[in-house]
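This report looks at the fold of one chain and then at the interface between two chains. Please keep the sequence and the structure in view while reading.

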Amino acid sequence: MASDRTNDEWLAALASDGPDLAAALDDLRPILLRALRVTLAPRVDRGAESLAQDLVQDALLQVRDRADQFRGDARFTTWAQKVSVHLALSELRRKRWEDVPLDTLVAEPPRTPEPGADESLERAEAVDMVRHLIATALTERQSTALQAVLAGMPLVEVARRLDTNRNALYKLLHDARLRLRKAFEERGITPDDLIPS
Amino acid sequence: MPPPPDALRALVAKSLATEPDEMSCGECDALVDRFAEMTLEGLDATAARPLVEEHLTACPECREEFEALMDALRAAERDGMPWWKRWWAGRQR
């Protein structure tokens with residue numbers, strides 16, 4: 001029974017071949033399929049069931065191929081469901097944005113004069129200043145990635161366009177926010193400057 | 001397409017709150033399965049793993065994945081219940 005397997009037994013069965021592997025995959029399939037259905041059903045208008053059926057084989061393969069990344073502090077089936085949820089959401093995010101070219105999300109920087117240190121910024125100026133800093137205080141790659149994310153493009157899709165992975169992209173964006181933090185602090189820009197008056 | 005003012009405002013707030021040693025998506029992902037289990041078990045996952053909670057607050061995509069995982073685990077829990085408990089759990093939602 002699937003529920004009777006320990007984490008070590010799951011790992012051993014998935015690392016084997018023959019009947020033990022087949023039995024483990026048979027036990028795992030309905031668990032992953034349920035996770036895919038639960039993830040897709042509220043997010044897809046039509047065809048959630050067929051998409052779940054399409055993805056379950058990929059999910060099984062990913063779980064088997066990445067089993068060595070399982071840390072062992074959670075139940076193996078929880079980890080496997082996490083892999084399935086990630087697969088399903090990545091697929092939805094990719095489909096939603098696949099036809100949007102990245103360069104349509106990147107704006108030209110506005111020409112903004114530097115305000116004096118004690119000069120209060122009007123909202124429109126503050127908006128322009130922040131846009132200006134996104135374009136000039138960051139590297140081109142940081143700026144492109146950040147603008148795509150601000151437009152709503154998911155990290156996984158931005159990462160795919162920039163030929164990197166989500167983890168490296170998060171680091172890139174984190175470094176960008178640290179640069180912006182310094183730039184905002186130097187100019188005294190706060191979120192309140194961007195509230196409509 | 002320039003970023004909308006609301007997104008810029010959120011960016012300013014998030015940038016000013018950015019610390020050098022934040023958890024990455026990958027680091028969060030490695031811990032979030034146990035974090036989800038602890039949450040379902042009624043344990044104080046946030047106290048045990050505050051950086052995970054911090055990352056889930058800052059990263060909408062990791063938050064969505066965490067919530068979907070929670071939904072999947074709850075569904076698994078319901079499937080493992082006797083029929084009358086499933087019926088009762090359904091009435092409580």
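## Fold of chain A

From its N terminus onward, chain A runs through its elements in the order α-α-α-α-α-α-α-α, which amounts to eight helices and zero strands. The model is a predicted one, and the description that follows should be read with that in mind.

## Overall shape and packing

The radius of gyration of chain A is 23 Å, whereas the globule rule gives 16 Å for 197 residues; because the former is well over the latter, chain A is more spread out than a compact globule. Along its principal axes, the C-alpha trace of chain A spans about 75 × 35 × 30 Å.

Of the 197 residues in chain A, 38% are buried.

## Interface between chains A and B

Where the two chains meet, 36 residues of chain B are in contact with 41 residues of chain A. On the side of chain B that touches chain A, helix 1 (5-16), helix 2 (25-40) and helix 5 (60-79) of chain B each supply at least two residues, and helix 5 of chain B provides the largest share, with 11 residues.

Sorted by class, the side of chain B that touches chain A consists of 21 nonpolar, four polar and 11 charged residues.

Conventions:
Residues numbered from 1 in each chain as written. Chains lettered and ligands numbered in written order. Predicted model: local features only at pLDDT ≥ 70, side-chain atom pairs only at ≥ 80, totals over all residues. Contact = placed C-beta atoms within 7 Å. Helix = DSSP H or I, 4+ residues; strand = E, 2+ residues; numbered from the N terminus. Nonpolar A, V, L, I, M, F, W, Y, C, P; charged D, E, K, R; others polar. Rg over C-alpha atoms; globule rule 2.2 N^0.38 Å. Buried ≥ 20, exposed ≤ 12 C-beta atoms within 10 Å, placed from the backbone.
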